Amino acid sequence: MDSSAVVNAVVRDHLRVAVDGPDPGALRLGLLLPLSGALGLTGPSGLLAAALAATELNAAGGVAGRRVQLVPVDAGRLPHEVARSAVGLVGLVDAFVGFHTSDVHRALEAALTGRAPYVFTPPHEGGARLPGVVLLGDSPGRQLAPAVRWLVDRRGVRRWALVGSDYIWPRAVHRVVADLVRALGAEVVTTRLVPFPGPGVDAEEIVARLARARVDAVLLSLVGRDLALVNRVFSASPLAGRVVRLSGSLEENALLAAGGDDTGELYAAMRSFAGQGDERRIALAERHRSLFGGRAPVLDAYAEGCYDGVHLVAALARSGGLTAGRAQAGAAALLHRAERDAWSGAPLGPPRSGGFLARADGLDLRVIARL
């Protein structure tokens, strides 16, 4: 079976769902993925990972006899547009799951709270959440603090620059990392937030400003194509071999879009990487390859989060926690203990916790430390 046939077997068009109405025989998930915009290059990976999870669940008999269906929504658009599309599916889907930028996340949170469970899978900006919202990813401190400490201790970097897109997640990252850098006896010598969404970053100007600031480390909280462009320009500049770069949004798709990196100075801190080699990741990669073949979009950290998010929604449905009022408490309980019945349809069990630090090596991200 080719990848399009696999996807078509579990995906339903949102307009057709709106016309046909509810289906009691299906467990429907609104799949919120960036199919356009700055993060659009990651969307296909997420779609296939979610389709893999849905296929596994259906092969195991569905969830309480209900077949799992995915209803994609393009979450790469403006926040109010995505929220409007999601609200249009309330009552037609049982829950929402996916990854997207945090400005879209906040709009969806406000629109969906009290109306439908919503599982947000990528790194997030931290803080309290409204009822019904479940977070699978890490806050800035949990994700990035261990990596910053590692680089300060092992690489001796002291003069930091913070460069990110101008929206919620990078702003939160800047606040947390600036405090941490100072606590470690280093300093932040320059910060920059570039317009987002926008026509694209002026990568040459950003790199030139970093050279003038004489930095020895840069935290990059840009996303998608903007991150890829800055890394491409940076790796061709005189700074490439002597300035450390760290990102909490760099995964394999963005590295490929940047043309790879051979400087030895580009690092990423994420929940997982395609080539990290532990037992769970190898098993997931084998399942992905057997279903979609070796030429499918890379199974990056965002995609793995989406895969786990679909299985979490199924586990919540089995445990009776798939309601806006019970989703948060139910997810917290399920993620802290592997309840056999709830996770019976998830071949790899519940999502893992913790993360990794990787260094770019050509077109690969090679894990060098567990965080």
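In which sense do strand 6 and strand 7 pair, and over how many bridges? In this predicted model, strand 6 (residues 159-165) and strand 7 (residues 187-194) pair in the parallel sense, and seven bridges join them. Between these two strands the chain passes through helix 7 (residues 168-183), and strand 6, helix 7 and strand 7 together make a right-handed β-α-β unit.

Strand 6 also pairs with strand 8 (residues 217-221). These two strands run parallel as well, and five bridges join them. Valine 163 illustrates both pairings: this residue stands opposite arginine 192 in strand 7, while its bridge partner in strand 8 is leucine 220.

Seven strands form an open sheet, and their order is 7-6-8-9-10-11-12. The pairing in this sheet is mixed. Strand 7 and strand 12 (364-370) stand at the edges; each has a single partner strand, so one side of each is left without a neighbour in the sheet. From one strand to the next, the twist averages 25°.

Attention now turns to helix 1. Which residues of helix 1 (residues 3-10) are buried? They are Val6, Val7 and Val10. Viewed down the axis of helix 1, its buried residues fall within an arc of 95°, and therefore they line one face of the helix.

The final topic is the aromatic side chains. A pair of aromatic rings is described by two quantities, the distance of the centres and the angle of the planes. The structure holds four aromatic pairs. In one of them, the rings of phenylalanine 99 and tyrosine 302 have centres 5.3 Å apart and planes at 15°. Planes under 30 degrees apart count as stacked, so the pair of phenylalanine 99 and tyrosine 302 is stacked.

This pair links distant parts of the chain, since its two residues are 203 residues apart. Phenylalanine 99 lies in the loop between strand 3 (95-98) and helix 5 (102-112), whereas tyrosine 302 belongs to helix 12 (residues 301-319). Are these two residues buried or exposed? Buried means under 20% relative accessible area. Phenylalanine 99 therefore counts as buried, at 1% relative accessibility, and tyrosine 302 is buried with a relative accessible area of 9%.

How values were computed: Residues numbered from 1 in each chain as written. Predicted model: local features only at pLDDT ≥ 70, side-chain atom pairs only at ≥ 80, totals over all residues. Heavy atoms only, no water. Phe/Tyr/Trp six-rings, centres within 6.5 Å; stacked < 30°, edge-to-face > 60°. Helix = DSSP H or I, 4+ residues; strand = E, 2+ residues; numbered from the N terminus. Buried < 20%, exposed > 50% of the residue type's maximum accessible area, 1.4 Å probe, protein only. Arc of directions from axis to C-beta. Pairing = 2+ DSSP bridges. Right-handed = clockwise from strand over helix to strand, strands pointing away. Axes fitted to C-alpha atoms, helices over the stretch in contact; angles between N-to-C directions.
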